[in-house]
Amino acid sequence: MLRFIAGRLALIPLMLLGVSGVVFAMLRLGRGDPALDYLRLSQIPPTDAAIAKARALLGLDRPLVEQYLSWLWDAVRLDFGVSYATRRPVLDEFLYYLPATLQLAAVALLVTLAVSVPLGIWAARHPDKPPDQIVRGIAFIGVSMPNFWLGFLLVMVFSVWLGLLPPLGKGGIEHMLMPVLAVSLMSLSINARMLRTSMLEAGGQRHVLYARLRGLSDRNVTRHHILRNALLPIVTATGMHIGELIGGTLVVENIFGWPGLGRYAVSAIYNRDFPVLQCFVLLMTLIFVLCNLIIDILYAWLDPRIRMFAEGQR
Amino acid sequence: MRIARILAGLAILALLVSGPARAETTLTYSWTANVGPLNPHAYAPNEMFGQAMVYEPLVKYHADGTVAPWLATGWTVSGDGHVYTFTLRRDVKFSDGTVFDAAAVKANFDTVLASRERHNWLELANQIRRTEALDASTFRLTLKEAYYPVLRELALIRPFRFISPPAIPAEGTADKIIAPIGTGPWKLAETRLGEYDLFVRNETYWGPKPVFDQILVKVIPDPNSRAVAFETGDIDLIYGAGQISPDVFARFQAMYPNKTAVSQPLTTEMVALNTNRAPTNDLFVRKAINHAVDKDGIVDSVLYGTQKRAAALFAPNFPYADVGLHPYIYDPAKAEALLDEAGWRRIDGEAIRAKEGVKLRIELCYVGNNAQQKAIAEVIQANLRKIGIDVMLVGEESNAFETRQREGEFGMIFGETWGAPYDPHSFISSMRVPSHADYQAQLGLPLKGELDAKIGEVLVTVDETKRRRLYRDILTALHEEAVYLPLTYSTAPLVAGPKLGAVGFGPSVSEIPFETYPPAN
């Protein structure tokens, strides 16, 4: 097990190196000059002299390879440079905005699990009856609706029409309700449907039939013999949902004025703020990879067959 | 009525005197980003409206284009226009208690000029030869040439405004400041990244004190979110170009008829016609284009009536710009006649005209993700097609677009003037610079050399009559040569929430006169 984890961890630096190269190249291959954006933000007329000066100021006048290597050298030492737009260290800003994003994503994950599991069980216990159809309806809407559109609809109903919830900003629970719902509805829908399917599958297996024959209560059978076995796919799906939720958070933050990484990154895209985008992609990759690793470990821990297989390979 | 007003005034006074019993009054505004460290001598990420709240100039630019005393009570100019001597106000202190005097002024000028190359986009930065503090309240500026727009450039929000000398680091203000301490009506009290900036009233301000206690500026990058925040009362004010989309503004105008306003023309949105390229090198074609585009149609259909139709390159409210030009009126028949006269004819009933086997086809370049420009481009395309000109729309990413502007790679290209207080002198000055669309567009004019010489002259002449005549010549020539297709005079929207009383516009795009805004009764 430890070897498995160590092996996976060892791959991460290589992966980050690859990602950094690709991102660096992609940003620079696009037509466009951050110096012009810098001048636009500064409201300085873009004369040739002004552009040359801005390029020198931003370090864009050096050869590409040199730019990449010096960036890489600094990045290894956790110095991701200075934002073109705000002139502040990128890592400081990233770490400043990260907690707000993680907070939103974590609450969304909790809500996803807390709502989808009961819904899935409820649907599985009444297949093709009204409860199942209700859950199917919710899932249908949830999966089809883009999160930013849902966000705007929520704002229109709860902030503009009813005046119940604040439309933007960070503060108490009332500020979180709408963004969390907008972010989590899709994952929640997928999860509920998936749990229903896998529970019905597990419910048809022989050990469940045997348990029922033994005279165990319905509740006991559902809990210990069906749900336990049906949960494994959910764990895998949750790993993917973490990515989905963080991704969704990035989009939704812009709508709800949530001071997190998403808004920071979107502004950086508009301003062609290369240092910010490079750091952003790299660190988000790291977060995803680590989350997936944790899920894999969890998976192995939950399912003895996988654990045995991994250990048997030694 | 008057008695009621006096009573109201006394009531307010009583409230003010009663002090602590009064609740803090806060005006909430929003901006796309935090205001930054508010270094008065630096550019991005310092937001200009924030710099204008904290720092003040020697002289103030007014909406009518004149310049009036501000931190300087007066000035004299030497006969040759090289030496400006300013008398400073004696009752001004920075918000940290430091006295504002000639030494402070000189310290600020010197730290700005220490990194002169950062500011040399502004001609004044190149023109200053010497700065002197003659005594506590007399400051002298010596120039290399008789550059006439000195006062207007001193009125700009940056870089020639004043920070308290103790807040200037030993190495100068080029990279950072110690604290944002100015003489203005507001002080920056708190910044929370990504959330808000809080300004509080400067209690030691020398001028009329602001009525609101605080200005809270929330960070809202998205125009739709801003509109929602206004409707729910989370912000009290929408002010400035680009804060909300024209359709939302039109809706607010209908919803709150007494709470919206449109500013004076700020800039001119226009299309530059390339005189150095066929077929726009033909004056008849350029004139025909000017007669064929239905600007009122554009204003009504694309801009929801929120902007004004433009008649010339500069709106007549700009200095020296009211020179009595005759606008090209919308008259497709006249446009067709002009094209016929120039030999561009429809052969065998074809929709597109041609001359000597060459079709009358022009590229119109716009910024691809600018929905408004695209919509306007489509109207122009339809209008010109009616008179037999085939317009090819080229929508590109903004950087590629700017490269075309600089290199003259266009038949027609969108552009805009720079607004007060840069118009007309800075804008005209840039027409001599090859990396500008205007230079490229004018390159085909036989009188381009003469035009550039006149522009050079108008900036340094000390003779007011001569300056007027030169401006008249330049603007008339550009108009008669139809180098531009002026579309609209862009204006900024203002929507005030129920917490605000009567509010108005500042003299330039980025100056929001918060200090004059009263709360609603």
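User: In this predicted model, is the crossing of H1(A) and H4(A) left-handed or right-handed?
Analyst: Helix H1 (residues 2-29) and helix H4 (residues 64-76), both of chain A, have axes that come within 11 Å and cross at roughly 140°. Since angles over 145 degrees would be needed for roughly antiparallel, H1(A) and H4(A) are therefore oblique to each other. The sense of the crossing of H1(A) and H4(A) is right-handed.

User: How many nonpolar, polar and charged residues has the contact of H1(A) with H4(A)?
Analyst: From H1(A) the contact takes A:Leu17, A:Ser20, A:Gly21, A:Phe24 and A:Arg28, while H4(A) brings A:Leu64, A:Gln67, A:Tyr68, A:Trp71 and A:Leu72. Sorted by class, the contact of H1(A) with H4(A) has 6 nonpolar, 3 polar and 1 charged residues.

User: How are H8(A) and H10(A) oriented to each other, and how many charged residues does their contact have?
Analyst: The axes of helix H8 (residues 173-203) and helix H10 (residues 218-256) of chain A come within 8 Å and cross at roughly 160°, and H8(A) passes H10(A) in a right-handed crossing. With angles over 145 degrees counted as roughly antiparallel, H8(A) and H10(A) are therefore roughly antiparallel to each other. By class their contact has 20 nonpolar and 11 polar residues, and the number of charged residues is 1.

User: How many helices and how many strands are there in chain A?
Analyst: Read from the N terminus on, the elements of chain A run α-α-α-α-α-α-α-α-α-α-α-α-α. Along its principal axes, the C-alpha trace of chain A spans about 85 × 60 × 30 Å. The count for chain A is 13 helices and 0 strands.

User: Which strands stand at the edges of the open sheet of 6 strands in chain B?
Analyst: This open sheet of chain B has mixed pairing and the order S14-S20-S13-S19-S17-S18. Each of the strands at its edges has a single partner strand, so one side of each is left without a neighbour in the sheet. The edge strands of chain B are S14 (308-309) and S18 (390-396).

User: Which residue stands opposite B:Arg309 in S20(B)?
Analyst: S14(B) is joined by 2 bridges to strand S20 (residues 484-490) of chain B, and these strands run antiparallel. Helix H9 (residues 283-292) of chain B packs on the sheet, touching S20 as well as strand S13 (267-273), strand S17 (361-367) and strand S19 (412-416) of chain B, and its direction makes about 30° with that of S20(B). Opposite B:Arg309, the residue in S20(B) is B:Thr488.

User: Which residue in the turn of the hairpin of S4(B) and S5(B) has a positive phi?
Analyst: Strand S4 (residues 72-77) and strand S5 (residues 83-88) of chain B pair in the antiparallel sense over 5 bridges, with B:Thr76 opposite B:Thr85 in S5(B). The hairpin that S4(B) and S5(B) form has 5 residues between the strands. The turn residue with a positive phi, about 75°, is B:Gly81.

User: Through how many residues does a hairpin join S6(B) to S7(B)?
Analyst: Strand S7 (residues 138-143) of chain B is joined to S5(B) by 5 bridges, the two running antiparallel, and B:Phe86 stands opposite B:Phe139 in S7(B). Strand S6 (residues 128-135) of chain B also pairs with S7(B) in the antiparallel sense, over 6 bridges, and here B:Thr131 stands opposite B:Leu141 in S7(B). The hairpin joins S6(B) to S7(B) through a number of residues that is 2.

User: How are H16(B) and H17(B) oriented to each other?
Analyst: The axes of helix H16 (residues 448-460) and helix H17 (residues 464-480) of chain B come within 10 Å and cross at roughly 150°, in a left-handed crossing. Their contact has 8 nonpolar, no polar and 5 charged residues, among them B:Leu451 and B:Lys454 in H16(B) and B:Leu470 and B:Asp473 in H17(B). As angles over 145 degrees count as roughly antiparallel, the orientation of H16(B) to H17(B) is roughly antiparallel.

User: How many residues apart in sequence are the parts that the pair of B:Phe314 and B:Phe427 ties together?
Analyst: Over all chains, the structure holds 30 aromatic pairs, and B:Phe314 and B:Phe427 form one that is edge-to-face, at 5.8 Å centre to centre with 90° between the planes. B:Phe314 lies in the loop between S14 and helix H11 (332-341) of chain B and B:Phe427 in helix H14 (residues 425-430) of chain B, so the separation in sequence of the parts tied together is 113 residues.

Definitions and conventions
Residues numbered from 1 in each chain as written. Chains lettered and ligands numbered in written order. Predicted model: local features only at pLDDT ≥ 70, side-chain atom pairs only at ≥ 80, totals over all residues. Heavy atoms only, no water. Axes fitted to C-alpha atoms, helices over the stretch in contact; angles between N-to-C directions. Helix = DSSP H or I, 4+ residues; strand = E, 2+ residues; numbered from the N terminus. Parallel < 35°, antiparallel > 145°, perpendicular 65-115°, else oblique. Left-handed = near helix turned anticlockwise from the far one by under 90°. Contact = heavy atoms within 4.5 Å. Nonpolar A, V, L, I, M, F, W, Y, C, P; charged D, E, K, R; others polar. Pairing = 2+ DSSP bridges. Phe/Tyr/Trp six-rings, centres within 6.5 Å; stacked < 30°, edge-to-face > 60°.
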